[in-house]
Every structure is written in C-alpha cells, then in structure tokens.
Amino acid sequence: MTTNYYNTSPNNKERSDFDRLLDRSFIWLTKIFALAIAVTLLWIAFQVGSSALPAIQQFGLNFLINSSWNPVNESYGVWPAVYGTLISSLIGLLISVPIGIGTAILLSEDFLPANVRLILVFLVELLAAIPSVVYGVWGIFVLIPILNNFGTWLHNTLGFIPLFNTPPTGPGMLPAGAILAVMTLPIITAISRDALISLPPSLRQAAVGLGATRWETIFKVLIPAAFSGIVSAIMLAMGRAMGETMAVTMLIGNSNNVNISLLAPANTISSLLANQFSEASGLQVSALMYAALVLFIITLLVNILAEIIVVRMQKI
C-alpha cells in the first residue's frame, strides 16, 4: 500500500493557501475596478448635469421638443439634433448589422482557407483603428460624389416618397448614415466573430450529428447561442454611431432643421457640440451641456433596452 504525500505536504498546503489568497485578491480587485467605473460614470453625469442646470431650469422639457437654436435671442432646443442623431445612427446600423454579422459568420466558419481568414480578420480590425477625421475626408471626396449620383436617381425616380423628396446637395443625412455604417462595421464584425468562435465545438458537432445542414446549424444553433455577444456588438456600435463627432460633422451638413428627407442636410448632438462649444458663453454653454446630458441619457436607455432584450432571449 502506497501513500500519496503530495496532498499532505506542507509546501502543497502553503501553495493552496497562496492560490486562495490570489483568488480572493483577484475578486476584490475586480469589484474595486467595477465600482470605480460606476463611480466615474456617476461623476461624469453629475458634472454634466450640474453644468446643464441653468438651462434645465429655464427651458425644462421644452428643450427636447423645441427646434430653435438662436444664441442671440437665447432660445435653445435640441429636437433637430436628437432626430438627426437617432436617424443617422439607425441608417448606419441598418447597413452595418447584416453586413457585419454576415462577415462574422464568414470569418468564423470554414468557408475560406485559414490564411485568407487571418488576413481578412486583420483588415477588419484595422478599419476600427482608422481615425474618424480620415473617414470624414474620405467621405467628402469619395462617398459624397457617389451618393450624390445615387441620391439624384432616388429623387428623380422616387421623389414622390417623403424620404427622397429633396434633391441631394452634397452633405446630408444619407452620407452621414453611410459613413457611420463603415465605422461601425468593424465593431460588429469583430465582436460577433469572437462570440461565434468562442462557442464550444460540441454545438456544431451535435447539430450536424442530428442531421442539420451547415446553414441550419449556423442560423438555428450558433447565432442563438451567441445572441448575447451579437447584441452587445450592436449596442457598442450604436453607442459609437450616436457619439461619433468629426466624420459626421463633416458629412451631415450641420443644418439645425428637421427634414424627413434622407437627402437633406441635418444635425446631430455631437456635431452641435463640436461646432458651437468653442465659441459658446453664458446660457449657451449650459444649453450645450443640457444637450450632452440628453445624449448621455439616450445612450443609457439604449443599453438598458439591450440588456432587457438579452435577458428575455436567454429565458426563451
């Protein structure tokens, strides 16, 4: 009969105690970092809210529905910028979400040779590293001329539809939405791909073993299993789209008017802040901070909605 001395040796006991100490330290360090993030978020909200307080007291909720922005008369309203922020982000996501998820599927499954997939993954991630001002310059000299021709065709052919009832003038809602699609595409693709490739191989093997085809496995097994990661990718992309400043400012036209036509110039909250903050003073600064607070709340509500969707899908 032999005795295993490894589990009872003093060195092993000391090592076990050290591992437990590391585990506890890691848990507490993670909690501290998580708490620091929450405190930082609340501190930012407090600072923005306190700076916006004079405008909140003077304009109240009418600030959200008023379309006037006149520093001379000190009349401020953020509705055109809110409308432009939501619509341009929606256009960008309508384009980038299906393309991004499709690209993620292409790069996570064995549709292409491994060497080709590696190059494409690198190129997709490289897109996320390009500065937004570069996207803006590219949009001015490349994207707008292309979309002007397309917008002219839409106006001449479908001008009876309110979405295309104005002729394109260059910068506008459609170019801004298109550049946001390009900028959010690598985020959706990279995170969705990571969610898909992190799934256990047993899911694929079990689905194929039960007689499912490759596409049935992808759409009925893999995508539902990676749904939370895909939704997170979309929400991060939407946050990037709503907060994007330079590229959108260069392409949207910066017109503080609400126009249902996608070919007309528009404005966003980020563009409003970028264009006016350097020359603002007095109540205008407070109004701009109020607009920033509105953008903060919209982003928070979008993330809460995404979390609700993920929780409900996980219960199904």
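Colleague: Which residues does Arg117 touch, not counting residues up to four places away in sequence?

Modeller: This is a predicted model: local features need pLDDT of at least 70, side-chain atom pairs count only at pLDDT 80 or more, and totals for chains, interfaces and linings use all residues. Residues are numbered from 1 along each chain as its sequence is written, and side-chain values use heavy atoms, leaving out hydrogens and water. Contact means heavy atoms within 4.5 Å. Beyond four places in sequence, Arg117 touches Leu106, Leu107, Glu109, Asp110 and Leu112.

Colleague: Is Arg117 buried or exposed?

Modeller: Arg117 sits in helix H4, residues 114–127 (helices are DSSP runs, H or I, of at least four residues, numbered from the N terminus). Its relative accessible area is 18%. Buried means under 20%, exposed over 50%, and partly exposed in between, with a 1.4 Å probe and protein chains only. So Arg117 is buried.

Colleague: How do the rings of Phe59 and Phe63 pair?

Modeller: The structure holds nine aromatic pairs (ring centres within 6.5 Å, six-membered ring for Trp; planes under 30 degrees apart are stacked, over 60 edge-to-face, the rest tilted). The rings of Phe59 and Phe63 have centres 6.2 Å apart and planes at 35°, so this pair is tilted.

Colleague: Which residues form the aromatic cluster with Phe59 and Phe63?

Modeller: Phe59 is buried at 13% relative accessibility, and Phe63 is buried at 0%. Both belong to one aromatic cluster.

Colleague: What is the plane angle between Trp79 and Tyr83?

Modeller: Both lie in helix H3 (residues 79–108), four residues apart, about one turn of the helix. Trp79 is partly exposed at 34%, whereas Tyr83 is buried at 17%. Their ring centres are 6.0 Å apart; the pair is tilted, with planes at 55°.

Colleague: At what angle do H5 and H6 pack?

Modeller: H5 covers residues 132–158 and H6 residues 173–197, with axes 9 Å apart. Axes are fitted to C-alpha atoms over the stretch in contact, and angles run from 0 to 180 degrees between N-to-C directions. H5 is oblique to H6 (under 35 degrees is roughly parallel, over 145 roughly antiparallel, 65 to 115 roughly perpendicular, the rest oblique). The packing angle is about 130°.

Colleague: Which residues of H6 meet H5?

Modeller: From H5, the residues in contact are Ser132, Tyr135, Trp138, Gly139, Leu143, Ile144, Leu147 and Phe150. The H6 side consists of Leu174, Pro175, Ala178, Ile179, Val182 and Met183.

How values were computed: Helices (H or I, at least four residues) and strands (E, at least two) are DSSP runs, numbered from the N terminus.
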